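Here is a short tour of one structure, written with modelling work in mind. Have a look at the sequence and the coordinates first, and then read on.

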Amino acid sequence: MASSEPTAGRVDAAGYASVAICALVWGTTWYAITFQLGATHAAVSVALRFGFAALGLALVARLMKSRLSLTRAQHLAAAGQGLFAFSISYFFVYAAEEQIASAVVAIIFAALAFVNLILFRLLLGQKAAAGAWIGAGLGVVGVAALSAGEVMGNDLGDKAATGLVFALTAVLASALGNWFAWRGQKAGAAVIPATAWAMAYGTAFLVLFIAVSGISWSVDWTPAYIASLIYLTLIGSVVTFGLYFTLARRHGYALASYISALTPPIAMVVSVIFEGARFGWPALVGLGLVLAGQVCLMRAPKKSAA
């Protein structure tokens, strides 16, 4: 008999608040990442971000009097989560943003909820409710409509193609990271300690990659880099990932990952304010589809696999 995500009822006020906070924060982190690009290698920036975030979450766990020790099974799950969610995924996110606009990378991540549904169906035999598939699909279509002009306005040359491949790789890695997070959940690991260890493992994998590849640890310590690192570490990682994985455990990974479909509209607002971007009526249509998809996912009943 295949395992399934824990059954949960309708999303409560705390769930809605978690979705809102994560969407608002991650909608701005796409822009914050651009201040990390350039002189400092992407692997170094990601390692610094999640290395400090792991320490931050470990401190939170201590303050909450949660045990940081994990069992062997929980460590293996955390290592897998760290490798895919905090090492491979974010390395390719940063690398993609060096090739294509940050808003485009955010757009591609709108497919994460849909990929999660497929992955959990293939690996665990989970049968998501029709409303979940409809909601995830609306998210993909809505964000595509929301940003059609942005995508088509980019030069579709080798650089853009490379960025597209990097972003899609990041999406798949993030979905696999969610699967390992689910394994940690089934092994009984608490959210905060497990996430802290996952970030620590992700950092360790990146440090190993940096050493083997001969990448320089040189960091361009400009005020903008330092400010973005602090924001991405404390708000964009410690706060939001704690909320994200708590939400995922209570209401399912498809719903939690749908936050990735809500962030592009916010990322575009940020782009309008700080980069002078302009969007027409298709943006309103797309935003409506995204919000409709969110409602479908939140109201969809959970189904266990047979």
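With which side chain does the side chain of Arg-49 make a polar contact? The partner is the side chain of Tyr-94, at 3.2 Å. A polar contact here is a pair of N or O atoms within 3.5 Å; within protein, one must be able to donate a hydrogen and the other to accept it, and residues adjacent in sequence count only if both atoms are side-chain atoms.

Before going further, a word on the model. It is predicted, with local features needing pLDDT of at least 70 and side-chain atom pairs counting only at pLDDT 80 or more, while totals for chains, interfaces and linings use all residues. Residues are numbered from 1 along each chain as its sequence is written, and side-chain values use heavy atoms, with hydrogens and water left out.

**Overall build**

The protein has 13 helices and zero strands. Both are DSSP runs numbered from the N terminus: helices are H or I with at least four residues, strands E with at least two. Buried residues account for 52% of the 306 residues. Buried means under 20% relative accessible area, exposed means over 50%, and partly exposed is in between (1.4 Å probe, protein chains only).

**Arg-49**

Arg-49 belongs to helix H2, residues 42-63. Arg-49 is buried yet has no salt bridge, and Glu-97, the nearest side chain of opposite charge, is 8.1 Å away. For the charges, Lys and Arg count as positive and Asp and Glu as negative; His and the chain ends are not counted.

**Cavities**

There are four cavities of 30 Å³ or more. A cavity is a set of points on a 1 Å grid over the protein atoms alone where a 1.4 Å probe fits but cannot get out, and lining residues have an atom within 4 Å of a point. Grid points are joined across faces, edges and corners, and a volume is the space filled by probe spheres set on the points.

The largest cavity has a volume of about 310 Å³. Its lining has 22 residues, with Trp-26, Tyr-90, Phe-109, Ser-174 and Phe-241 nearest the centre. H3 gives the most to this lining, with five residues. Other helices that each supply at least two residues include H1 (13-33), H8 (158-186) and H10 (223-251). By type, the lining divides into 14 nonpolar, seven polar and one charged. Nonpolar covers Ala, Val, Leu, Ile, Met, Phe, Trp, Tyr, Cys and Pro; charged covers Asp, Glu, Lys and Arg; the others, Gly among them, are polar.

The table lists C-alpha separations for three pairs.

| Pair | Apart along the chain | C-alpha to C-alpha |
|---|---|---|
| Ser-18 and Leu-243 | 225 residues | 5.9 Å |
| Leu-70 and Ala-189 | 119 residues | 6.9 Å |
| Ile-226 and Phe-35 | 191 residues | 9.0 Å |

Ser-18 sits in helix H1 and is buried, with a relative accessible area of 11%. Ile-226 lies in helix H10 and is partly exposed, at 34% relative accessible area. Leu-70 is in the loop between H2 and H3 and is buried, at 14%.

Lys-65 is found in the loop between H2 and H3. Lys-65 is exposed, with a relative accessible area of 75%, and has a positive phi of about 60 degrees although it is not a glycine.

Terms used: On a 1 Å grid over the protein atoms alone, a cavity is a set of points where a 1.4 Å probe fits but cannot get out, and a pocket is an open set with protein on both sides within 12 Å along at least five of seven lines; lining residues have an atom within 4 Å of a point. A salt bridge is a side-chain nitrogen of Lys or Arg within 4 Å of a carboxyl oxygen of Asp or Glu.
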